[in-house]
Amino acid sequence: MNVSVNNTLSGRKEELVPEDGNTFRMYCCGPTVYGPAHIGNFRTFIVQDVLRRTLEASGLKVKHVRNVTDVDDKTIRTSRELGISLGEFTKKWEDKFHKDCASLNLLPPTVEPRATEHIAEQIKMVSDLVANGHAYPSPDGSVYFKISSFPEYGRLSGFERENLATQAFNSAGEANSADEYERDNVADFALWKGRKPEDGDNFWESPWGEGRPGWHIECSAMSRKYLGDTFDLHGGGIDLCFPHHENEIAQSMCATGKEPAKYWFHSAHLMVEGKKMSKSLGNLYTLDQLLEKGYSPAQIRYALISGHYRQQLNFTFKGLDDAKSALTKLSKGVVSALEKFGMGNSDFEKLVKPGAKFEGTLFEPAWNALCDDLNVPKALGMIFSELSPLREKGTAGDIAALGALLYALGISLSLDGCDSCSSDDIPEEVMELARARWQAKKDRNFALADDLRQKILSLGYAVLDSKDGFSLERR
Ligand SMILES: [Zn+2]
């Protein structure tokens, strides 16, 4: 069954079919690495991860490109304030981002290009746009894209060209960073930014003098390099739809004459406890902040996928608690089915991969729900309702289908965890810490694992590791 999602460009749900009939090529806008990513960022990346995994479970190969924005106003300003090089600064936050992604069970992209390593490709694209009349240099050494030269501008986001006075706000209604460069029309956006004193040593030579690329051009240049002039899908949070993605389409089409992507995939915003996320409300939670509160990465991932990607998700602490109960219920259901099959936990873990057939299995309805506009909440509900039938009348095909479904959702159950999981004399608080520690160890986050071990010790329990799991002992 083909996977379908809502295509922002057509405004309709469409089946995702790779243009070359074999490999699905997708580009997703990656993080700007100037600090830890927050759960709103991670929701977007996790939704994209579920899409990629679902495509793989449907039998497709996926080439997934996600960039790293390692030069912009914020990265330059903060690295200079700290007195370290831009490269040293962004490397630190890129590493942290990768670590967080691994904890949340996100598959690494196939290619992860950095903006600063693709300056030549960006300059080439800007030069082509200047040469064919779609861009113009300004006296301060910057180059602007001329929106009036592209009549189709606004097609993706639905912005009316005549109402387009400025690019000061994005499609989520948030202010974009101020842009004080000279331009003919206030809506024209910078492809190249002439060097300013506050840029310090962070500049590159170009036909227009020293400067650095604008943000939008990096995605056009890098998606083209790794996926070709036209690829299958471009993804991002809804806040990127305008102006970022609109600008990408304008640049790419005017440079190559071709539509850059067939499908545009946007996920809705995250709310926290019913409120918009903002610095002033202090609710831009990072992964570490949630781990410190005792929540596990698996719980956080589950909570972030539990709403439909096109609807605003209200992230709450109650939601995290519910995620814990749901994961426990799921683990218990799977463990009891495995017992019936005489299968060990490690046997099941080998089935958590793409490749299984869903047709005719107990989990076909759940799979169909996932394929139908990535309806994760519906698919989860259907998985739960099949756990009893699985135990009662399941077949090897059913258990393989469940493994493939869990792969698609990126749910990693800690089945191999505690040998004494069922013993009631260990407090749930200790169990939870121990599971989080086991996950941290699997994620190779040894600092966190050690912290959690200390916390468990302080509650009067020692953790003993074996090859496939751990056990707890009262001290
Ligand atoms: Zn982008």
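Tutor: We will take the whole chain, then some helices, then some sheets. Keep in mind that this is a predicted model.

Student: Fine. How many helices and strands are there in the protein chain?

Tutor: The protein chain has 16 helices and 15 strands.

Student: And what box do the C-alpha atoms fill?

Tutor: Along the principal axes, the box is roughly 75 × 50 × 35 Å.

Student: What percentage of the residues is buried?

Tutor: Buried residues are 47% of the 475. As for contacts with a separation of 6 or more, 72% of them come from residues 24 or more positions apart.

Student: Let's do helices. How many residues of H1 are buried?

Tutor: In H1, 19 of its 19 residues are buried, and the helix is mostly covered. H1 covers residues 39-57.

Student: What span should H1 have?

Tutor: Its 19 residues, at 1.5 Å a residue, should span 27 Å. The end C-alpha atoms are 26 Å apart, which agrees.

Student: What follows H1?

Tutor: Gly-59 follows H1, and its phi is positive, near 105°.

Student: You mentioned going through some helices. How do two packed helices get described?

Tutor: By the angle between their axes and the distance between the axes. Here, the axes of H1 and H14 (residues 396-409) come within 7 Å and cross at roughly 150°. Angles over 145 degrees count as roughly antiparallel, so H1 is roughly antiparallel to H14.

Student: Which residues meet there?

Tutor: On the H1 side they are Val-50, Arg-53, Thr-54 and Ala-57. On the H14 side they are Ala-404, Tyr-407, Ala-408 and Leu-409.

Student: Is H14 largely enclosed or largely open, and why?

Tutor: H14 is largely enclosed by the rest of the structure, because 12 of its 14 residues are buried. Among them are Asp-398, Gly-403 and Tyr-407. Just after H14 comes Gly-410, with a positive phi of about 70°.

Student: What about the span of H14?

Tutor: The 14 residues should span 20 Å, and the end C-alpha atoms of H14 are 20 Å apart, which agrees.

Student: Next one, H15. Which residues there are buried?

Tutor: The buried residues of H15 include Leu-433, Arg-435, Trp-438 and Gln-439.

Student: And what covers them?

Tutor: The cover includes helix H8 (297-305), helix H16 (446-458), strand E14 (461-465) and strand E15 (470-474). After H15 comes Arg-444, with a positive phi near 65°.

Student: I clicked on Pro-377. Where does that lie?

Tutor: Pro-377 lies in helix H12, residues 376-385. Pro-377 is partly exposed, with 14 other C-beta atoms within 10 Å.

Student: What does Pro-377 touch?

Tutor: Leaving out residues up to four places away in sequence, Pro-377 touches Ser-306, Gly-307 and His-308. Pro-377 and Gly-307 are 70 residues apart in sequence, but their C-alpha atoms are 5.8 Å apart in space.

Student: Now strands. How do E1 and E2 pair?

Tutor: Strand E1 (residues 4-7) and strand E2 (residues 12-15) pair in the antiparallel sense over 4 bridges. Ser-4 has Glu-15 in E2 as its bridge partner. The hairpin has 4 residues between the strands, and Gly-11 takes a positive phi near 75°.

Student: What is the order in the open sheet of 4 strands?

Tutor: The order is E5-E6-E7-E8, with antiparallel pairing. E5 (135-137) and E8 (211-213) are the edge strands, and each pairs on one side only. The twist averages 20° from one strand to the next.

Student: Last one. What is the pairing in the sheet of 3 strands?

Tutor: The pairing is mixed, and the order is E12-E11-E13. E12 (275-276) and E13 (313-315) stand at the edges with a single partner strand each, so one side of each has no neighbour in the sheet. E11 (residues 270-272) and E13 run parallel and are joined by 3 bridges. Val-272 stands opposite Phe-315 in E13.

Technical notes. Residues are numbered from 1 along each chain as its sequence is written. This is a predicted model: local features need pLDDT of at least 70, side-chain atom pairs count only at pLDDT 80 or more; totals for chains, interfaces and linings use all residues. Two strands pair if DSSP finds at least two bridges between them. Helices (H or I, at least four residues) and strands (E, at least two) are DSSP runs, numbered from the N terminus. Axes are lines fitted to C-alpha atoms, for helices over the stretch in contact, and angles run from 0 to 180 degrees between N-to-C directions. A residue is buried if 20 or more other C-beta atoms lie within 10 Å of its own, exposed if 12 or fewer, and partly exposed in between; C-beta atoms are placed from the backbone. Two residues are in contact if their C-beta atoms, placed from the backbone, lie within 7 Å. Angles under 35 degrees count as roughly parallel, over 145 as roughly antiparallel, 65 to 115 as roughly perpendicular and the rest as oblique. The expected span of a helix is 1.5 Å times one less than its number of residues.
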